[in-house]
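Open the model in a viewer and keep the selection tool at hand. The stops below are given in order.

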Amino acid sequence: MVGQLAARRAAGVVLEMIKEGKIAGRAVLIGGQPGTGKTAIAMGMAQALGSDTPFYGIAGSEVFSLEMSKTESLTQAFRKSIGVRIKEESEIIEGEVVEMQIDRPATGTGQKVGKLTLKTTEMETIYDLGAKMIESLTKEKVQAGDVITIDKASGKISKLGRSFTRAKDYDAMGPQTKFVQCPEGELQKRKVGIYWVFCFPKECTVNISLSRIISCIILIITIW
């Protein structure tokens, strides 16, 4: 962004106050002539707070042109700009695929069964596979040399990349292929995951009262 040095410096001060929790629940008014960069500064502030920070813009004409009440339209705008960060701890199995064997019934009917061999730098274990797990592995195109994680609660499989030990293989690989280290320690471990839940529409499973939000910042842009 070019120009508006004083406004950008002030926006930087506001950002530091937000990060330190000194301006929670307050509004910031950005005023100026059309085309002076008010919206650009607001978007820059949102991006500086992190990619997970929701940003929602609304014009004053939208509030007065909607069929719903002004209170409801503003409530929806607030909900679209509020995100809740949830910390969740789960048990996973993480390792490098050594071998995947799938047995198909000779008659062509019946459920598939198989075995999956996973290893870390310290241990190696064989797991029995059911039809659902085989379907998930096939969907993710998992093969020997891939480093994967399996969520024990949901059974979700995530492919982290190819092991560095397979970097010299002559398999066809595209430029998007990612190489990772073979996991260390135990195969079964606990992992802390952080994800965002957004509060729109109103049927959001997270119950949040707008009057109790103390960590949101409202940017009000006005034209002189």
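Start with helix 1 and helix 2: select Ala7, Ala11, Val14, Leu15 and Lys19 in helix 1, which meet Ile41, Met45 and Ala48 in helix 2. Contact here means heavy atoms within 4.5 Å. Helices (H or I, at least four residues) and strands (E, at least two) are DSSP runs, numbered from the N terminus. By class, this contact has 7 nonpolar residues, no polar ones and 1 charged; Ala, Val, Leu, Ile, Met, Phe, Trp, Tyr, Cys and Pro count as nonpolar, Asp, Glu, Lys and Arg as charged, and the others, Gly among them, as polar.

This is a predicted model: local features need pLDDT of at least 70 and side-chain atom pairs pLDDT 80 or more, while totals for chains, interfaces and linings use all residues. Residues are numbered from 1 along each chain as its sequence is written, and side-chain values use heavy atoms, without hydrogens and water.

Next, show strand 3 and strand 4, which pair in the antiparallel sense over 6 bridges; pairing requires at least two bridges found by DSSP. A hairpin of 4 residues joins the two strands. Select Lys119 to find Glu124 of strand 4 opposite.

Now select Leu137. Leaving aside neighbours within four places in sequence, Leu137 is in contact with Met100, Leu116, Leu129, Val142, Ile148 and Ile157.

Which residues have the most contacts inside the largest nonpolar core? They are Leu116, Leu118, Leu137, Ile148 and Ile150, in a core of 13 residues. A nonpolar core is a set of buried Ala, Val, Leu, Ile, Met, Phe, Trp, Tyr and Cys residues joined through side-chain atoms within 4.5 Å, buried being under 20% relative accessible area with a 1.4 Å probe, protein chains only.

Definitions and conventions:
Buried < 20%, exposed > 50% of the residue type's maximum accessible area, 1.4 Å probe, protein only.
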